[in-house]
Amino acid sequence: MWITNRLAHQSALASLLSVLLGSGTVIAEQKSREQRIADNEVYFSSGDEPPSMDISKQVDSVSSMWLGHIYEGLMRTNAAGAIIPGTAESVSISPDKTTWTFKIRPSAKWQDGVPVKAQDFVYSWRRLVDPAYASEYSFIAITASLVNADAIVSKKLPKEQLGVRALDDHTLEVKLSRPVAFFDSLTSFQVFYPLRQDIVEKFAGSFATDPASLIGNGPYRLARWQKEQSMRIEKSDTYWDAGNIKIKAIESPAMVKDGQANFNNFRTGGIDTTGVSTPEIIRQAQAAKLKIETFQTGCTETLAFNVRPGRLFANKKLRHAVRAGLNRSEYVNKIVGVPGYKPAFRMVPDYMPGSQPGLTYRQEVKSPPVKDFDVPTTQRLVKEYLADTKQTQIPAFTLLFDDSVVAKKMAEYFQHSLSKLLGNEVKVETVPFKTRLQKSRDGQFDMVFFGWCPDYRDPMTFMDLLANNNENNSSGWSSPAYNKLIEQANSEADKAKRVQLFKAAEDILEEEAPVAVTDVSGGALTAAPELKGVKRTIFGFAPDFRAAYWDHK
Amino acid sequence: MSNVLTWGFLRYIGQRLAMAIVTLWALATMTFVFMRAVPGDPLTRTKEIPAAVRANLEQRYGLNKPLWKQYIIQMDRMFLHADFGESFRTVDRSVNRMIIENFPASATIGIFAMIFGTITGLGLGIIAALYRNSAIDRAAMLLCVVGIAIPSALIAYVVQYFLAVFPLVKLHVNQDYWFRPVGWGQFRDVILPGFTLSLGIITMMTRYMRSQMVDVAFAEFVRTARAKGASTFRVITLHQIRNAILPVVSLLGPIFVGAISGSLLIENVFGVPGLGAAYFNSISNSDYNVLMGLTVFYGGFFIVINLITDIVYGLIDPRIRFG
Amino acid sequence: MRPMPEELFLPLGAEAAGAEKISRPALSYFEDAFLRLRKNKLAMISLTIIGLVTAIGTFGPWFFPAEENGVPYANHQNSNDIDQGPSWGHKLVVVDDFAPVPEDLIDQAYDLNAPLKRAAELTPVGRLSVAGVASVNGVFLNWDIEPGVSGYMVYRLLVPETGFDAKELVSGAIERGVGIGEINSPAQHSYNDGLGLDPSATYAYSVVPFVTDPQSGERTYAAEAAVVQTALIDTIKQSDAQSIQPGVAVGATLRGRAHPFGTDGLGRDVLARMIQGTRVDMLLALLVPTLCIAIGLLFGAFSGLVGGKVDTLCMRIVEIVDNFPDLLIFIILQVAIGKGLLSLVIALSAFSWAGFARLVRGEVLRMRELEFVQASRLLGAPVSRLIARHIGPNLLGLIIIAWSARIPGVIASEAFLSLLGLGLEQPTPSWGNVVFDAARRLQVNPVQFFLPAAVLGITLLAFYLLGDSMRDAFDPKLRGRT
């Protein structure tokens, strides 16, 4: 077959041999848990194969997790999820909050011993917004309001005009086009890690594809990467804070997505920690008396109404009726059935920080509690709606859902419970993921299940979802008053005033009900009893092994 | 055998190979058309990519060109340069690399399943046919039904649970059980996924072999052989099996390609670093190049295997001539 | 020796009329086949099983409890009876359908800016107790506010039947179980747990206060926990109870419905879903293989008989069909004509006839060369006669085998497609989606998996055995040899 000739050239003998010998590739013997404890190593399952290890190219939970251990940004998240200095030892912010000056640690080094310079950040950030490089995540630079990022991405200015420059080897100056209160949390994000121009250019097309071409500045360096099979990172001695890193090596001996398979592997000692992601696995873990820890993943999940004119849910009363009557407690506890999920009633989740330290946004604005499963209110509103529209029954409507196994179960639950609540026929349309996105963008639905995960540590990440310029606002809802409040919050430097603006905007949502919030997402994990300090935080990557250790009793 | 290396035979091979390329091209064209008919494209995301960024990406991947131009570029790259292009998802890995790195694992369990399944299936089929309607025959049937009744993905869980997690038979290596629920790199890791995959093959082989054996058992040449006083063993091996196996050989090609093309669920459950997940993801992510590349790769493989099957068939069946 | 009479040795003489007389009724090919099929005990058992399953599938749903506002029993969800093993009905306490979810006890007067305690000063919370009735709908825990903490962590342990030492749980000597609740405010002194509760279980709850360092965000937990233990009562919603015992009041007890196969993740009866699903699967099992074989037979026979260039072209088409990514077809069909039986039938048959076409073509090619076909051809028989008299009947065995062999594949494919969300519209049950759903409970409760799997297996075995027997019956060479 001449088509495969080229493939054959490269690997004919190797693959033939490995096929005949019955192994994809030869790897080191895996250690037993006793050995791992003795050697300070942790095995876990990273799930999927990381699609890319190039920091500016691909952002997803798996790549972020590995890159988070290999690189370090200007700031970093600590074990509790707070922002603390990382590669930068200090930061000074101008009074108008638009100029941020970072001092790079003199002790910060790349894994080949070369010191980390301010220029490395400049290079990396310019590469991110370079239209020729076309990173999908260049929009994060626009979100961060780096000066000229927008114009560079749309090819109106050269990339050298980006609002970031090195004042000297250890001083980085960042200029923002508006005050961005959460910019420090953004700098701990993957795409803002530094990159070495010489390494990127040396390897060009094969950059970050194997241990030789991937040199980071973080606590671990890549030791092995067998595609779709295994990955291993080992502690780097060049890291400035290496003294506080306890685990010597972190390995994913297999890239397995299936939760039950991973749990089985954990039970037989193949890995040291794994997610407990379905009600079935939780029951097994509970029966086996395993330690189960919960964590939040922090996405707000909603049923979004299609409020476009002519649609059923253009009627506000009906939206309120659905929102009031949802039994979130039953949904979260019995249907989702995974600890860590919490019923929620409002767009901004309860963990979002407010303007004062120690208080969350929710505590600060003192939102009154909302009654879950408020059936009398629903019944009253439905009666009013039927009287207003002179109907005897609510017309049938369609729920739009993904076709994943989990989403199908939810769809059937909502179909049944909404039909019971409203006394009408509810249809379900489950379609492939991309079709669902396309349909909800085109407004071809009545109600769609829709989750939104935060990009940064500020209520804005949720609030601007329903602003009119947002492509992701599938409900079709728009309110000039709301847009104005969001715009004001965007340019407001005073944190306390912003919180009040958000509260005012949230009140509009409360009144208009374009979406019915159901819950905020979470998860649970189990780990070997001796393994301590593995963290999962909402911002930043998960699991985070930087503070992990084996408790040698 | 003397009929093999003739000009006619070589011409036949040549024609078949030329035809193969036309077939592949037709397959690729159909895939292209259908692929683009699915809603959404590789750049559709949960969080919509801003227009300017999207324009840059479309330019980089050539998605902004008219469809016919994209078609010509893709065909040219595939057929004239043996390059399947880059993946939209695993952005640093070309489809060629993906095949080189992950096809061996899929092929390994496929080959294991093939060998194990064929031998077991043929053996079971022969025994079932020789002892027709006996307890052995029924037992073989029952096994077959288990093999087909429950989708292999479900069997995978059962196999993993009863052989590796809480093994019914406890074999040990050091302190671990011999079978690992998840893992890759040692020979033992091939067995569970390979076995799971082989159940379908065993089923098919047993059924066809049994039915062929029964057919042949009453053929004249068998009766003649018996009448001539050939021993039962000789009749079974030389006459019955040899003749019964012929039609079964033609099944091997498609079965082989089916076995090595990677099973999403089996690979997923046992942690086999194969191509199954890539193939499935390419469809759900509209990853045009991966889907196209793998379709053409497996298609080519299939055609070659089919050709080989036909040649082998010709070699063992003297009634067929190439020309 | 007795003398033999002479007349015994007289010749009988030829009777022209009687010579050609057939003393038994003539049997056509099919009559003969059916006669032999009827004699085959296994075939009859299989046929009975298939008949029984079809009958249950067709008439079974009529015997289900009455539908409730348009929702058939098989789709009826019962949130009080989720994920339960097989049972013949439990004693249940009737509860209100719309019982309000208890509101969290939050002390609005509590000063959130109050100074935090030091880690060493943390003590267990006081007066931890369960309020009201503990059931799968919720266990409402409450305790006294602990001033100066940042929040509370609530753990839940499944109490083993052998019991355990509560002191060990207080001191944390044993794992406290699932960390179900994390309360980030000291003012909230209650927690309503409803997470995947099992009505037959007893749970031990521990509440541990913690303080969070405002700078580092590091958390310190109290060393000891307050512990409370509670057993759950088994409940049923009033609306569900009405259909068992009309007019039943809240608080009464009654015996619930039997669930011989258990219930699924939404509290639906698995047996009812299996029965309801039979219709779809039987239809698919009959329709799809027949379609596949009809297409494959036509295509393969045409290709093999005509031969030459046409044959080559046909085989290339078969190769394309065989290699086309069929998932792509399924997705496009779903988008084009929507979900449902029609698109499933088209999807399952449109691209899976290729293997059969290849098989038929091979057989036809082989048979074309056989002596009796050659002889017939020499005698001048037209192609139609060759097909009808020689090749056709000889293909019959192959067709029947292929047909019955395809059935399990169809049911498995349907299952696989519904796993990928490309199957029937929801919540229509089918065997495929019921068994796949049950597979997830394999490690929780194997019986729940093996029961539906056994039904599936036995039915398919029946199809398989029937196919084999039919093939034997239709093969005249095997007459009198079985």
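A few ground rules come first. Residues are counted from 1 along each chain as its sequence is written, while chains are lettered from A and ligands numbered from 1 in the order in which they are written. Since the model is predicted, local features need pLDDT of at least 70 and side-chain atom pairs count only at pLDDT 80 or more, though totals for chains, interfaces and linings use all residues.

In chain A, strands β6 (residues 164-168) and β7 (residues 171-175) run antiparallel and share four bridges. Strands here are DSSP runs of E with at least two residues, helices are runs of H or I with at least four, and both are numbered from the N terminus; two strands pair if DSSP finds at least two bridges between them. A hairpin of two residues links β6(A) to β7(A), and A:D168 sits opposite A:T171 in β7(A).

Next come the contacts between chains, where two residues touch if their C-beta atoms, placed from the backbone, lie within 7 Å. Chain B puts 57 residues against 58 residues of chain A. On the chain B side, α4(B) gives the largest share, eleven residues. That side splits into 28 nonpolar, 20 polar and nine charged residues (nonpolar: Ala, Val, Leu, Ile, Met, Phe, Trp, Tyr, Cys and Pro; charged: Asp, Glu, Lys and Arg; polar: the others, Gly among them).

Chains C and B meet through 39 residues from each. For chain C, the largest share is eight residues, from α14(C), and its side holds 25 nonpolar, seven polar and seven charged residues.
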